[in-house]
Amino acid sequence: MSVLKEADQQLIRLLADGQFRSGSELGEALGISRAAIWKRVQRLEEFGLALESVKGKGYRLAQPVDLIDPLSLQATLGDRAQLHYQWVTESTNADALAIEGPVSGPLVFVTECQTAGRGRRGRQWQSPFAANLYFSIRFPVSGGFAALGGLSLAVGVAVAQALQELDPPLSVTLKWPNDLQINGAKVGGVLIELAGEMDGQVDVVIGVGVNGRMTGHQARDIDQAWTDLASELADMPPRTTLAACVLSRLLEMLPHFSQHGFVAFQNDFDRYDAVRGKLVQVQSGDQMILGRAVGVLADGALRVETPDGVREVYGGEVSLRVR
Ligand code: BTN
């Protein structure tokens, strides 16, 4: 897939409000011919932007686009984190992992669109242009990998709290180990990846995707029940506000997690736990565990009551189905 050049970005800004602009108006603004405009408009579809062209009226985006304002977002983050913003990238997790570490403080990678967004268990994460929230935080953690148990659960708690800050009655829940749900439909996910030494300084990369406003067409490859915030929140805020709110909560949570581990968030997690008390089927490697979920331990393990006793399951490459 191609990159978005400066002229493409300008074109998106000109069309962002969803109003028609004639080919000649766009051509003039960009200093290129009407034929060249047509080609550029075609290319935008590669990034998941749907465009309409009507004879005599010109072009418009099928839906207005709400771009992130990186200056305003950095102003909100202040000196708590350094922001790297891109229009398009393969994956913000890949970007965060690629930089030379260890880092001295949190780095935040935000993008409008991912061309190879990663989900858990090798899946793709649908990341159409300016539709959702896609970001990663690279953060230094001392104490090695062992200190990271339950991190994805603590991240889930922080994101859930941020969403309820925007809309307190929102019935958001967490499906162990990494799904954010609203009324049983997935609205977001967390993907944690690690960079660093086994026992020494570890940099953790926390990738978060939250569905903001996605069309059925953009979500056509999602093979599970999903929803987006535009359908669920009383008032859908601009994506910059959404990003600022979620990132603020996470940047507040991370130092606490570093110091105390997941135990400091266990009670909060319990309140959001979507599977507690439910019959579950957990596939972990070649093992299948069937039983009733009975909560999580202080290290983030899921407890499953089976006829052979209580089993403890750790995150990573596991899949969990509620039966
Ligand atoms: C999942 O539920 O499978 C986890 C999804 C995580 C998606 C986010 S989007 C930002 C970050 N960059 C990626 O490539 N993936 C994560």
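Colleague: Which residues in H1 meet which in H2?

Modeller: On the H1 side, Ala7, Gln10, Leu11, Leu14 and Leu15. They meet Leu26, Ala29 and Leu30 in H2. Contact means heavy atoms within 4.5 Å. Helices are DSSP runs (H or I, at least four residues) and strands likewise (E, at least two), numbered from the N terminus.

Colleague: How do the residues of that contact divide into nonpolar, polar and charged?

Modeller: 7 nonpolar, 1 polar and no charged. Ala, Val, Leu, Ile, Met, Phe, Trp, Tyr, Cys and Pro count as nonpolar, Asp, Glu, Lys and Arg as charged, and the others, Gly among them, as polar.

Colleague: Before I go on, what are the ground rules here?

Modeller: This is a predicted model, where local features need pLDDT of at least 70, side-chain atom pairs count only at pLDDT 80 or more, and totals for chains, interfaces and linings use all residues. Residues are numbered from 1 along each chain as its sequence is written, and side-chain values use heavy atoms, with hydrogens and water left out.

Colleague: Back to H1 and H2. At what angle do they pack?

Modeller: About 135°, with the axes 10 Å apart. Axes are lines fitted to C-alpha atoms, for helices over the stretch in contact, and angles run from 0 to 180 degrees between N-to-C directions. H1 and H2 are therefore oblique to each other. For the cut-offs: under 35 degrees is roughly parallel, over 145 roughly antiparallel, 65 to 115 roughly perpendicular, and the rest oblique.

Colleague: Which residues of H2 are buried?

Modeller: In H2 (residues 23-30), Gly23, Leu26, Gly27 and Leu30. Buried is under 20% relative accessible area, exposed over 50%, partly exposed in between (1.4 Å probe, protein chains only). Seen down the axis of H2, those buried residues fall within an arc of 100°, so they line one face. The arc is that of the directions from the helix axis to the C-beta atoms.

Colleague: What covers them?

Modeller: The cover includes helix H1 (6-15), helix H3 (34-44) and strand S2 (58-61).

Colleague: And what follows H2?

Modeller: Glycine 31, with a positive phi near 70°.

Colleague: New topic. Is valine 296 buried or exposed?

Modeller: Buried, at 7% relative accessible area. Valine 296 sits in strand S11 (residues 287-296).

Colleague: What is valine 296 in contact with?

Modeller: Leaving aside neighbours within four places in sequence, Leu153, Trp176, Phe262, Gln266, Phe269, Asp270, Ala301 and Leu302.
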